Amino acid sequence: MQFIGIIPARYASTRFPGKPLALIGGKPMIQRVYEQARKALDRVVVATDDERILNCVHAFGGEAVMTRSDHRCGTDRCLEAFLNLRLDDLRLDDLRLDDWVIINIQGDEPFIQPEQIRALQACFPTEIATLVKPFTEEDGLTALENPNSPKVVFSEKTHNALLFSRSVIPYLRGIPREDWLKQHKHYKHIGMYAYRADILRRITQLPPSEAELNESLEQLRWLENGYQIRVAMTDVQTIGIDTPEDLVAANEFAAKLKMEN
C-alpha cells in the first residue's frame, strides 16, 4: 500500500483564529507538524482554505493545496485534497483507490511523533485506523472526565473500536469514581486517522448520525454504518492546541524539548 499524509489546516477558528501560523519554538505551528510528519512519510501535503497558510507552507518549502472553505470537518478536506492531487500529479486514474492510504494528521499537534504515524501504517490492511493512549493514575480523574478528551473502548481480540464517547467509558458500576483509574485501564482517543482512499470517499458521503450529533464525534457515524476502525496504541504524550492559553503551554513544552529554529 502507498501512504500519503494530509494535514487539514484552516485559518478561521472560533477559539483561536490563525492557529496554524502561531509560533512554536520560533516556527509556525503548521511547519512543526509538517516536519514531524515528513520524518515518517515520503509525501505530506497541507490542505488549506486560506492563502496565508498556503504561502507560509510554500515559504518553508512544503507542499500545500487549496480546498473549499465550506467543509464540515478535516475528513472532508482530506478527501478533496487527495482527489485534487490525483487529478494534478499523482495520476491515479488507472490505479485502485484501495491501494492508497491517506493519513489525516491534525494541524494543531506540533509534537506528533513519527512512531505514532508508523503505528497507524502498521494497522493496514484495514479500513480505518486511529490512535489511543492509556490514561494513567498520574493523569488523574479530572483528565479522565474531561469531555474535550474523547474516550474509546475496543476489542482486545480484534483491536477494532467498539465505542467512542466524551463520557467515561466503560462506567465502572459499584466502584468509587476516585478508584476508576486504579481498577481499570481507560483509553484516550488521539484524533489522528488513516483511511483507505476508497473508504474515505464512502464515509464522507454518509449523512450525520444521531449519535454523532449528540457527542460531536464523527467516528460514531462510521461505526454506525458498519465500518471498522482499528486502534493502534501509543504511549507518547502530545499536546493539542485549541486556545491561545494552550499555545503558552506548548511553547513551554517545546522549551523542555529544546526545539530549535
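Where is the place of A143? A143 sits in helix α5, and helices here are DSSP runs of H or I with at least four residues, strands are DSSP runs of E with at least two, and both are numbered from the N terminus. This is a predicted model, in which local features need pLDDT of at least 70 and side-chain atom pairs count only at pLDDT 80 or more, while totals for chains, interfaces and linings use all residues. Residues are numbered from 1 along each chain as its sequence is written, and side-chain values use heavy atoms, with hydrogens and water left out.

**A143 and its surroundings**

- A143 is partly exposed, with a relative accessible area of 26%; buried means under 20% relative accessible area, exposed means over 50%, and partly exposed lies in between (1.4 Å probe, protein chains only).
- Once neighbours within four places in sequence are set aside, A143 is in contact with F135 and S149, where contact means heavy atoms within 4.5 Å.
- The C-alpha atoms of A143 and K188 are 9.5 Å apart in space, and the two residues are 45 residues apart in sequence.

**Strand β10 and its partners**

- Strand β10 covers residues 187-196 and is mostly covered, as 8 of its 10 residues are buried.
- Strand β6 (residues 100-104) runs antiparallel to β10, and 4 bridges join them; two strands pair if DSSP finds at least two bridges between them.
- In this pairing, N104 stands opposite Y193 of β10.
- Strand β7 (residues 128-134) is also antiparallel to β10, and is joined to β10 by 7 bridges.
- L131 faces I190 of β10 as its opposite residue.
- Strand β8 (residues 151-154) pairs with β10 in the antiparallel sense over 2 bridges.
- K151 has K188 as its bridge partner in β10.

**Strand β4 and its partners**

- Strand β4 spans residues 44-48, and 5 of its 5 residues are buried.
- Both of its faces are covered: V44, V46 and T48 are buried on one side, and V45 and A47 are buried on the other.
- Strand β1 (residues 2-9) pairs with β4 in the parallel sense over 5 bridges, and G5 stands opposite V44 of β4.
- β4 and β5 run parallel and are joined by 3 bridges, with M66 in β5 as the bridge partner of T48.
- β4, α2 and β5 together make a right-handed β-α-β unit; a crossover is right-handed if, with the strands pointing away from the viewer, the path from the first strand over the helix to the second runs clockwise.

- K27 is found in strand β3 (residues 27-28), and counts as buried at 15% relative accessibility.
- The side chain of K27 makes a polar contact with the side chain of E35 at 3.0 Å.
- A polar contact is a pair of N or O atoms within 3.5 Å; within protein, one must be able to donate a hydrogen and the other to accept it, and residues adjacent in sequence count only if both atoms are side-chain atoms.

**Salt bridges**

- Side chains of opposite charge can pair when their charged atoms come close.
- A salt bridge is a side-chain nitrogen of Lys or Arg within 4 Å of a carboxyl oxygen of Asp or Glu, and by this rule the count comes to 12 salt bridges.
- R43 forms one of them with E63, with the closest N and O atoms 2.5 Å apart.
- This pair links distant parts of the chain, 20 residues apart: R43 is in the loop between α1 (29-38) and β4 (44-48), and E63 is in the loop between α2 (51-59) and β5 (64-66).
- E63 is partly exposed, with a relative accessible area of 24%.
- E145 and R177 meet through their side chains in a salt bridge (2.5 Å, N to O).
- This pair also links distant parts of the chain, 32 residues apart, with E145 in helix α5 (residues 140-145) and R177 in the loop between β9 (161-165) and α6 (180-183).
- E145 counts as partly exposed at 30% relative accessibility, and R177 is partly exposed with a relative accessible area of 38%.
- R68 and D70 form a salt bridge through their side chains (2.8 Å, N to O).
- R68 is partly exposed at 44% relative accessibility, whereas D70 is exposed, with a relative accessible area of 53%.
- K19, D108 and D242 are linked in a network of salt bridges.
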